[in-house]
Amino acid sequence: MLSHLRLCAPARTPVCVLTGCSRAASGSVKDKQPLKKAKTPQGRLDSPEEESRAALQKFPDDVNPVTKEKGGPRGPEPTRYGDWERKGRCYDF
Amino acid sequence: MASVRAASRLLSKRILSKTTAVPAAAVQGSRDFHFSIYGKKTSAKVSDDISTQYPVVDHEFDAVVVGAGGAGLRAAFGLSEAGFNTACITKLFPTRSHTVAAQGGINAALGNMEEDDWRWHFYDTVKGSDWLGDQDAIHYMTEQAPAAVVELENFGMPFSRTEEGKIYQRAFGGQSLKYGKGGQAHRCCCVADRTGHSLLHTLYGRSLRYDTSYFVEYFALDLLMENGECKGVIALCMEDGSIHRFRAKNTVIATGGYGRTYFSCTSAHTSTGDGNAMVTRAGLPCQDLEFVQFHPTGIYGAGCLITEGCRGEGGILINSEGERFMERYAPNAKDLASRDVVSRSMTIEIREGRGVGPEKDHVYLQLTHLPPQQLATRLPGISETAMIFAGVDVTKDPIPVLPTVHYNMGGIPTNYKGQVITYTEGSDKVVPGLYACGESACASVHGANRLGANSLLDLVVFGRACALTIAEENKPGEKLSPLAPSAGEESVANLDKLRYANGSLRTSEIRLNMQKTMQAHAAVFRTGSVLKEGCEKMDAVYQTLADIKTFDRGIVWNTDLVESLELQNLMLNGVQTINSAEQRKESRGAHAREDFKDRLDEYDYSKPLTGQVKKTFEQHWRKHTMSTVDVKTGKVSLKYRPVIDASLDEQECAHVPPAIRSY
C-alpha cells in the first residue's frame, strides 16, 4: 500500500503521502473513489536490476532440472567449489 | 551537568509515580516503560537500592535468556513451552540477530539421499575438531540432529525437497559415510539459499505462540553472581536509559561470537562477545578462545567472503609488485592450495611489506584476465558482488582481499547439557544457575575447527538442551533465593564512568587500534615473536581504555555509551584470544603456528602406539584452554582442562580414538 501511495505523490511533497496514509488507515474516507494510480513514466524507472537477476532466475516450478530438488537454491549448485557460494560470495565452508 | 541531574531527578519522580499499574493505552502520549504490556503481570518494582541517579527496575522470572538469535530463541520458547515464566533480553530485535546471515545449510543424518547413520556424522565431527571436541557433546548433537531438523520442519521451516517430498540433502562440509571410508555423504539440508534467515524467522514465529516476555533493545551489562551462583542479569534499556535487574534462578547466555575484535570479519557490528565478557567479569573462565576460523579471501573493508571458486576458475592472488605470490608458497597447487596455506601466504606477503593499498594491509584477487562471458556463466552474480562490496568492476580491476574471521569456536565452557562449568581440583564443576548455548558457548562440539553446516545444528540442539536441562531440574514458579539489594552496583558504576568519560581517545580510535593489532598479530600467521609482540601491544591497548572519551552525556538511546560498553567486552575477548594463542605451542585445527607445526598429543599418533610413553598432562596439548582475566589490570591467567574422550554411551556409539587428521 505504501508503494502505491509513493507512486501517486511525487517525492518532493512527503506531506501528501503522510496524509494519504492516515486517511486510508483511519477508515473515515469520505469519497469512496479508489486512489488513482499514476502511470510510471516509460523508460525512466525501468530497473536495470532485471538483467542482473537473470543470472539467478527461478527454475520452472521451482524444481531444479538436474537434481530434481524442489525449493532449492537458485542458479548453479552452491556447493560446487567445496564451499557454499552464491553470487560469488562464500557463506559457509 | 545540572540539567542532567535535574532530568534524572525528574525521571526518578516519574518512575516512582508509575508504580501503580496503569494501562498502556491511557498513557499513549508519554513515554512508558517497555514492560507494561497488555495482560502481563506488571510485577516489576522500582528501587533506588543501587543509586539515586539510576533508579533500578527489578523483575522476577523463572528463567532469563540473554540473546535472541537461533540458540537464544530456541532456549526461550523451549522454556516457555515447559511452563517457565521466561524473559528474553536482547540488544537487537530477534530477527536482526546475526543468525539471519547464515546462508549455508544444516547437517543431519536423515538418510534421505542414501543410507546414513548419525554415528558417521559423529565420526566426521570428531575428526573435524582435530580431537579437541568433547565427544559426549558431539554424540549428543549428532544423535539429536535428525530429530532437531524434523522438529524445525514441523515448526514450518520450508526445507527444499526431493521428488518424493523428503528433505533434500546435499554434499557439504567434510561429511563422509562409514567412518570416512564410504565416500562423500549427503547430509546438508537447506532452505533455498537462506537457511539461517529462514531458521531465525521460523523460530521467532514459533516463539510468539508462547508467552515469553521479550525485552528488545535491552543491553545486558553483567551477571548477578552471589557466592558463585548466578542469580540473574542486570541490563540497560537503551530506549529510555533505565537499568533493569532480572532476577531468575536460571540464566541462559546465547549472545553469539566476537568477530569484531578483528579488523576484517564477516560478523555484524553487533557481534561483540557480550556473553563471554559477562562471564569473564564474573570471574569464570572462557574456553578455547584462541581457535578462530579464518577464510583467506574476504573483501577488504566489507568483510564479505569471496568464494574459492574464483580461484578455482582461474583467479589469482597478486601482491603490490603484481606477482602471483602463491607460486612461491605452493609451487604445485598455487592458488588452489588449502585455505590455511593461502591465508598464511597472504599474511606473510603483507607482513613483508608487499601488501597493496594506502596502508599496505591487503592483497588483490585478480579476475581481469578471465573472459567476462565465462565469468558470468560460471560465477553468476560476482560482478554485482564486486561492485557493491568492493566498488570495482571485476573485468577491469582486481578485488582487494585479506584473511577474514568467520566463526569463533571458543566461548563459555559448558557440559553436554548446556550447564556452564569451571574446572577446579581436577574435575568439572557446574556453576549453579548459569547455562550457555550457541556460538557463545563451547560445549565443545567444534573443537579446534568447525565443519560447515554444523553451526546451525549446534544452535538448535543446544538451545533445546538448555531448556530441557532447566525443565528437568527446576519447577516453574519456584521461590527465588534472596539477592543483596545492592547487587549490580559495579555495573552501574562502570556505566556511569563511561557515560561521563573525558579522556583523550575516542571509542572508535581504541577499537581500531585493537582491531588492527589483532589482525596483524593474532590472525592466521602465528609464531612466537609475533604473538608475544601482539600480547604486549594488546596489553597497551587495554590500558588505553582508561583514557576513553565519550561525547553523548544523555541516557536515552546513547549509542556512544553502548559502543563503549561493547568495546570493553571486545577487549576482554581479544586479550584472552591472543594470550591463549601465544601459550599454545602446537598447531591444531584453526590454530596454526609456524614455529610449532605439529600437533602435540599425549601419544604420537602418526606412529604405532606400542612402545610409546604417554606424555603427562603438562607436556602435551590435547587439552582445552581455560582463560580468566583480572579486569582491572588486563592480565590473563590460563589453566587447562582435559578433553572428554568418552561418548555418552559406549555401547550405542563408541568413541573415536585420536588419529592423524588428513583429508
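How much area do chain A and chain B bury between them? In this predicted model, the answer is about 2900 Å², with 53% of it on carbon and sulfur atoms.

**View 1. Where chain A meets chain B.** Let's start with who takes part: chain A brings 28 residues to the contact, and chain B brings 41 residues. On the chain A side, three residues lose the most area to chain B, namely A:Tyr81, A:Trp84 and A:Phe93. Together they make up 28% of what that side buries.

View 2. Five salt bridges turn up across the interface of chain A and chain B. Zoom in on one of them and you'll find B:Arg450 paired with A:Asp92, their closest N and O atoms 2.8 Å apart.

**View 3. The chain A side, piece by piece.** Two strands of chain A, E1 (84-86) and E2 (89-92), each give at least two residues to the side that touches chain B. E2(A) supplies the largest share of that side, with four residues. Sort the residues of this side by kind and you get nine nonpolar, seven polar and twelve charged.

Conventions. Residues are numbered from 1 along each chain as its sequence is written. Chains are lettered from A and ligands numbered from 1 in the order in which they are written. This is a predicted model: local features need pLDDT of at least 70, side-chain atom pairs count only at pLDDT 80 or more; totals for chains, interfaces and linings use all residues. Side-chain values use heavy atoms; hydrogens and water are left out. Contact means heavy atoms within 4.5 Å. Buried area is the accessible area (1.4 Å probe) that two parts lose on being put together, summed over both. A salt bridge is a side-chain nitrogen of Lys or Arg within 4 Å of a carboxyl oxygen of Asp or Glu. Ala, Val, Leu, Ile, Met, Phe, Trp, Tyr, Cys and Pro count as nonpolar, Asp, Glu, Lys and Arg as charged, and the others, Gly among them, as polar.
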